[in-house]
Amino acid sequence: MNLALWIAAGVLAAIALAGGITKAFVPKAKLAATPGGEWTGRASAGFIKALGVVEILAAVGLILPAVLDIAPVLVPVTAACWVLLMIGAMVTHLRDGGWKFVLVNLVYLAIAVFVAWGRFGPHSFS
């Protein structure tokens, strides 16, 4: 189970890093032109960049605290915060009618719930 939690956290961190880098460094106009990125046309560039930074920090928070054994409780806290972020993403995509993106976000949410449950509960780092 510990290995499954590490793999889930690693997959979630890779997803968060990819999304974060995209939002932080790709121009707003290019994001708005991509499928699933329509919402960026209604958001400010600063908000999009800030969201990208939050996602990059989430990627760090899912892995680094446990690897360095410095405040490893941040791993499930980050996973729980990712759940909230995915709820917001699902609402945003629902407004645009992007059902397939809602389903993708639901999968990410499920992975985050698994990590939070496992690391807060039976397989915590303490």
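Analyst: The place to begin is Asn 105, which sits in helix 5. The model is a predicted one. Asn 105 has a relative accessible area of 7%, so it counts as buried, the limit being under 20%. Leaving out neighbours within four places in sequence, Asn 105 is in contact with Met 86, Ala 89, Met 90 and His 93.

The largest nonpolar core has 21 residues, and Trp 82 and Val 115 have the most contacts inside it. Two or more residues of this core come from each of helix 1 (2-25), helix 3 (45-68), helix 4 (74-95) and helix 5 (99-120). The biggest share is that of helix 4, which gives seven residues. Another core, of five residues, lies apart from the largest one, and among its members are Leu 31, Trp 39, Ile 48 and Leu 51.

Helix 1 deserves a separate look. It has 24 residues and spans 34 Å from its first C-alpha to its last, close to the 34 Å expected at 1.5 Å a residue. Its buried residues are Leu 5, Ala 8, Ala 9, Leu 12, Ala 13, Ala 16, Gly 19, Gly 20, Lys 23 and Ala 24. As background, an α-helix has 3.6 residues a turn, so residues three or four places apart point the same way. The partners of the buried residues of helix 1 are helix 2 (28-32), helix 3, helix 4 and helix 5.

In an unreviewed entry, UniProt lists residues 6-26, 47-67, 73-94 and 101-120 as "transmembrane region". In the model, the span 6-26 is 95% helix and 0% strand, and its end C-alpha atoms lie 29 Å apart. For residues 101-120 the figures are 100% helix and 0% strand, with the end C-alpha atoms 28 Å apart.

Next come the aromatic side chains. The structure holds two aromatic pairs. In one of them, the ring centres of Trp 39 and Phe 47 are 6.5 Å apart and the planes meet at 85°, so this pair is edge-to-face. The two partners can also be described by accessibility. Trp 39, at 13% relative accessibility, is buried, whereas Phe 47 is partly exposed, with a relative accessible area of 47%. Trp 39 is also one of the residues of the five-residue core.

Most residues other than glycine have a negative phi. Asp 69 is not a glycine, yet has a positive phi of about 55°. Its relative accessibility is 59%, so Asp 69 counts as exposed. Ala 71 lies in the loop between helix 3 and helix 4 as well, and has a positive phi of about 55° although it is not a glycine. At 39% relative accessibility, Ala 71 counts as partly exposed.

Key:
Residues are numbered from 1 along each chain as its sequence is written. This is a predicted model: local features need pLDDT of at least 70, side-chain atom pairs count only at pLDDT 80 or more; totals for chains, interfaces and linings use all residues. Side-chain values use heavy atoms; hydrogens and water are left out. A nonpolar core is a set of buried Ala, Val, Leu, Ile, Met, Phe, Trp, Tyr and Cys residues joined through side-chain atoms within 4.5 Å. Buried means under 20% relative accessible area, exposed over 50%, partly exposed in between (1.4 Å probe, protein chains only). Helices (H or I, at least four residues) and strands (E, at least two) are DSSP runs, numbered from the N terminus. UniProt positions are given in the numbering used here, feature names are shortened, and annotations may be inferred rather than shown by experiment. The expected span of a helix is 1.5 Å times one less than its number of residues. Contact means heavy atoms within 4.5 Å. Rings of Phe, Tyr and Trp (its six-membered ring) pair if their centres lie within 6.5 Å; planes under 30 degrees apart count as stacked, over 60 as edge-to-face and the rest as tilted.
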